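Try each task on your own, then compare your steps with the worked solution.

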Amino acid sequence: MAMELKLTGIRPFINVDEIRNISLMINMCNEWLKSKTGAGHDYLGWVNLPNDYDREEFDRIKKTAKKVQGICDVVVVIGIGGSYLGSRAAIEFVKGQYYNNKHGKDTPDVYFVGNNVSSAYLNDIIEIVGDRDFCINVISKSGRTTEPAIAFRIFKEMIEKKYGKEGAKERIIATTDREKGALKELADAEGYETFVVPDDIGGRFSVLTAVGLLPMAIAGLDIDEVMRGAQEAMKMYETNDINNNDCLQYVAMRNILYRKGINIEVLVNYEPALTMLGEWFKQLFAESEGKEHKGLFPVSANFSTDLHSVGQFIQDGTRSLFETVIWVKEPRTDAVIQADEEDIDGLNYLAGKSMQFVNRKAYEGTLMAHVDGGTANIVFEIDRADEYHFGYLVYFFEKACGLSGYLLGVNPFNQPGVEDYKKNMFALLGKPGYEERRKALEERLAKQ
């Protein structure tokens with residue numbers, strides 16, 4: 001099995017009857033997903049994507065990645081939300097969070113911009129790029145999303161100044177709408193190579209499309225293995241038999257806990273390379289479930305680091321949360337603790353033990369302590385953090401998210417709340433067409 005569900009930490013909090021009682025509702029939600037008849041059905045292209053993806057575009061992604069690897073030392077990926085979180089999570093998951101700092105690799109550094117409006121952050125990346133050869137992958141369905149549009153304007157000017165317009169068009173790749181939008185029009189006019197953001201897949205579900213796959217391939221990830229993992233998960237979690245479907249069990253358990261008043265889910269890892277997976281998870285579930293004053297609030301924690309801080313709250317604070325733990329059995333590399341003659345630090349009892357052994361005991365000890373303290377734990381164990389397991393986890397959580405949203409009675413594939421902040425921001429920035437809103441907002445600000 002690619003992933004094993006461990007129930008030791010959940011049994012004291014949920015009984016078999018509770019899972020049995022909710023299973024019929026989950027089966028109905030599963031049928032809505034499979035038949036694409038539920039709310040937001042226009043955005044269910046991800047459901048069959050692992051089998052139905054565009055093979056021709058997939059091959060072109062690999063060819064383009066090879067080309068970029070041959071001409072660039074640095075690739076700047078411009079996007080926000082689902083347009084960057086998935087690929088960044090994948091690169092760090094497989095290659096580690098210090099991928100860009102590794103010497104001797106034959107693939108470009110990959111930096112992500114356009115996910116904020118911090119001038120300091122942007123200028124730091126510009127300084128890091130420096131005089132090195134670079135390429136741009138700009139990702140935007142419309143080309144008008146504020147954060148990536150600002151970043152693209154700046155880096156487009158940089159690359160055209162360095163290589164000229166003709167040279168720049170060979171180094172700019174646009175991942176955008178198939179037919180329309182400002183970025184698509186610009187790409188066609190300038191002659192950029194383009195890849196497609198599918199109409200039937202929302203941004204936070206797009207990591208297995210060109211949106212996520214191109215940066216992964218540029219960084220040297222085996223995207224065939226990513227898709228193989230997703231295919232295996234799709235096949236594994238199709239059944240309505242909850243006893244043989246870990247995805248349905250996970251959905252049942254998190255929703256049973258939610259109905260008992262537990263409204264925070266903490267995605268826990270014991271490998272820093274999974275930190276960005278936690279960021280992707282947060283967007284996936286928060287933007288999908290957080291509607292109509294409903295939903296579990298998703299957060300993430302990095303153990304054992306956070307055991308020295310938020311671990312205190314998890315152990316002894318309000319009983320408002322549960323943990324979903326991803327444990328990686330085989331580390332990318334390991335180290336053995338050596339004996340020291342003086343033993344000043346008192347660690348000789350660990351001599352000859354690997355750091356992974358210590359990490360596992362921290363994981364096992366923490367699980368028991370948190371359960372004893374009243375915090376439920378759902379555990380998923382995977383063999384290793386590689387491309388296959390990344391694709392598997394992505395599909396698992398995407399399906400769980402869709403099912404959970406339906407179970408809550410919300411449309412998990414829209415994001416009405418996100419649009420509200422944008423309208424206010426546009427008004428305060430003085431964008432044409434928002435004059436009335438701007439006046440009202442400025443009056444409110446003056447009273448604060």
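Predicted model: local features only at pLDDT ≥ 70, side-chain atom pairs only at ≥ 80, totals over all residues.

**Exercise 1. Check the span of helix 11 (residues 275-289).**

Solution. Start with the number of residues: helix 11 has 15. The expected span is 1.5 Å times one less than that number.

**Exercise 2. Find how many residues of helix 11 are buried, and name some of them.**

Solution. Recall the cut-off first: a buried residue has under 20% relative accessible area. In helix 11, 11 of the 15 residues are buried, and the helix is mostly covered. Among them are Met276, Trp280, Phe281 and Glu287.

**Exercise 3. Decide whether Ile154 and Ala219 are buried, partly exposed or exposed.**

Solution. Under 20% relative accessible area counts as buried, over 50% as exposed, and partly exposed lies in between. Ile154, in helix 6 (residues 146-169), has a relative accessible area of 31%, so Ile154 is partly exposed. Next, take Ala219, in the loop between helix 8 (210-218) and helix 9 (223-236). The relative accessible area of Ala219 is 0%, so Ala219 is buried.

**Exercise 4. Describe the largest pocket: its space and its lining.**

Solution. Begin with the space: the largest pocket holds about 940 Å³. Then turn to the lining, which is made of 31 residues. Nearest the centre of the pocket lie Gly203, Glu287, Gln415, Glu419 and Lys422. Glu287 is one of the buried residues of helix 11 from Exercise 2. Finally, ask which helix gives the largest share of the lining. Helix 6, helix 11 and helix 15 (416-429) each supply at least two residues, and the largest share, four residues, comes from helix 15.

**Exercise 5. Which elements line the largest cavity with two or more residues each?**

Solution. First, the count: there is one cavity of 30 Å³ or more. The largest cavity has about 40 Å³ of space. Its lining includes Val268, Tyr270, Phe303, Glu323 and His370. Two elements give two or more residues to this lining: strand 9 (321-330) and helix 13 (355-372). Helix 13 gives the most, with four residues.

Methods:
Residues numbered from 1 in each chain as written. Heavy atoms only, no water. Buried < 20%, exposed > 50% of the residue type's maximum accessible area, 1.4 Å probe, protein only. 1 Å grid on protein atoms, 1.4 Å probe; cavity = no way out; pocket = protein on both sides within 12 Å on 5 of 7 lines; lining within 4 Å. Points joined across faces, edges and corners; volume = space filled by probe spheres on them.
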